[in-house]
Every structure is written in structure tokens, then in C-alpha cells.
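Subject: Handover of a structure and findings

Dear colleague,

Please find the structure below, passed on to you for your own work. My findings follow directly after it.

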Amino acid sequence: QVQLVEFGGGLVQAGGSLRLSCTSSGGTFSNYAMGWFRQAPGKEREFVAAISWSGGSPSYTDSVKGRFTISRNNAARTLNLQMNSLKPEDTAVYYCARARTAWTTGTTLQKPGEIGYWGQGTQVTVSS
């Protein structure tokens with residue numbers, strides 16, 4: 001059984017930085033695209049960033065481009081999200097996700113039904 005656990009969330013002032021990490025247990029981590037999603041209060045969960053199984057082809061939602069960087073360490077079974085220049089509108093619960101199908105790019109995660117597993121989420125709060 002695959003389990004994803006996120007950590008690194010917290011409270012930060014606008015303009016600050018946070019680094020989220022997601023560790024995976026079970027399954028073969030290196031074969032699957034991974035990504036980050038977020039859900040703000042009263043809003044639907046939205047795509048933030050994704051990366052292919054090999055660590056290439058990172059993709060981002062427009063609102064975080066130039067500020068967030070996604071990366072992965074397949075040997076350590078870890079997915080990371082470096083978040084810089086944080087804004088109050090980045091406040092949300094951030095979720096780690098693994099693709100359902102192996103050997104795909106990160107864009108696969110944006111398609112309906114293509115998420116195989118979710119983490120439990122970690123809260124990020126950015127104060128103004």
C-alpha cells in the first residue's frame with residue numbers, strides 16, 4: 001500500500017519562504033509522476049506543480065511560476081516544493097499526489113482520474 005506523508009508547512013509572513021516535502025512508502029516511487037495540489041478554504045482543490053517520473057518536465061500553475069520549484073529525489077523517495085516570495089493567496093492545505101499510471105509526465109496529474117494516491121495534506125498559512 002502506497003502512503004504519502006507531507007511535512008514542512010507552517011506560518012510565514014508574506015515574502016517569506018517554505019519548503020514542503022513528501023515522503024513515499026510502498027510501491028515504486030521512481031516510476032511515477034508526482035505533484036502538488038492545494039485547497040484554500042471554500043475553494044476547490046487546484047493543481048500547483050508536477051514533475052515526471054524521471055525528474056524532468058516540471059510544470060506549474062501560472063500563479064506560482066517563478067516563485068515555486070518542484071524537485072524529487074528518487075533514491076530518497078522524496079518530493080519537494082520550494083516556495084519563495086509567498087503571498088497571502090498561497091494560503092491553503094497543500095497535498096502531495098502520485099500518478100495512477102507509471103512512466104508519465106507531470107501533466108498527466110492534471111487529467112481527471114489520473115491521481116492514484118493523495119497525502120493527508122499540510123497547512124501553509126501566509127500572513128500579510
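The count of disulfides comes to 1, in what is a predicted model. The bond joins Cys22 and Cys96, whose sulfur atoms lie 2.1 Å apart. This distance falls within the 2.5 Å that the assignment requires. The torsion about the S-S bond of Cys22 and Cys96 is about -70°, and the disulfide is therefore left-handed. Because Cys22 belongs to strand S3 (residues 18-25) and Cys96 to strand S9 (residues 92-99), the pair ties together parts that are 74 residues apart in sequence. Cys22 is buried, at 0% relative accessibility, and Cys96 is buried with a relative accessible area of 0%.

As for Tyr94, its contacts beyond the neighbours within four places in sequence include Trp36, Leu81 and Met83. Also among the contacts of Tyr94 are Glu6, Leu20, Phe37, Arg38, Val48, Phe68, Gly121, Thr122 and Val124.

The largest pocket has a volume of about 160 Å³. Its lining is made up of Arg38, Gln39, Ala40, Lys43, Glu44, Glu46, Ser63, Arg67, Glu89, Asp90, Thr91 and Ala92. These lining residues divide into 7 charged, 3 polar and 2 nonpolar.

One of the lining residues, Ala92, is placed in strand S9. Is Ala92 buried or exposed? With a relative accessibility of 2%, Ala92 counts as buried, because that value is under 20%. Not counting residues up to four places away in sequence, Ala92 touches Arg38, Gln39, Ala40, Thr122, Gln123 and Val124. Between Ala92 and Gly116 the C-alpha to C-alpha distance is 22 Å, with 24 residues separating the two in sequence.

Leu11, in strand S2 (residues 10-13), is exposed, with a relative accessible area of 65%. Which residues does Leu11 contact, leaving aside its neighbours within four places in sequence? The contacts of Leu11 are with Thr125 and Ser127. Leu11 and Thr91 are 80 residues apart in sequence, while their C-alpha atoms are 9.1 Å apart in space.

Two backbone positions may also be of interest to you. Ser57 is not a glycine, yet has a positive phi of about 50°. Ser57 is located in the loop between strand S5 (46-51) and strand S6 (59-60). Ser85, not a glycine either, has a positive phi of about 50°. The loop that holds Ser85 runs between strand S8 (78-83) and S9. Ser85 has a relative accessible area of 40% and is partly exposed.

With kind regards

Conventions
Residues are numbered from 1 along each chain as its sequence is written. This is a predicted model: local features need pLDDT of at least 70, side-chain atom pairs count only at pLDDT 80 or more; totals for chains, interfaces and linings use all residues. Side-chain values use heavy atoms; hydrogens and water are left out. Helices (H or I, at least four residues) and strands (E, at least two) are DSSP runs, numbered from the N terminus. Buried means under 20% relative accessible area, exposed over 50%, partly exposed in between (1.4 Å probe, protein chains only). Contact means heavy atoms within 4.5 Å. On a 1 Å grid over the protein atoms alone, a cavity is a set of points where a 1.4 Å probe fits but cannot get out, and a pocket is an open set with protein on both sides within 12 Å along at least five of seven lines; lining residues have an atom within 4 Å of a point. Grid points are joined across faces, edges and corners, and a volume is the space filled by probe spheres set on the points. Ala, Val, Leu, Ile, Met, Phe, Trp, Tyr, Cys and Pro count as nonpolar, Asp, Glu, Lys and Arg as charged, and the others, Gly among them, as polar.
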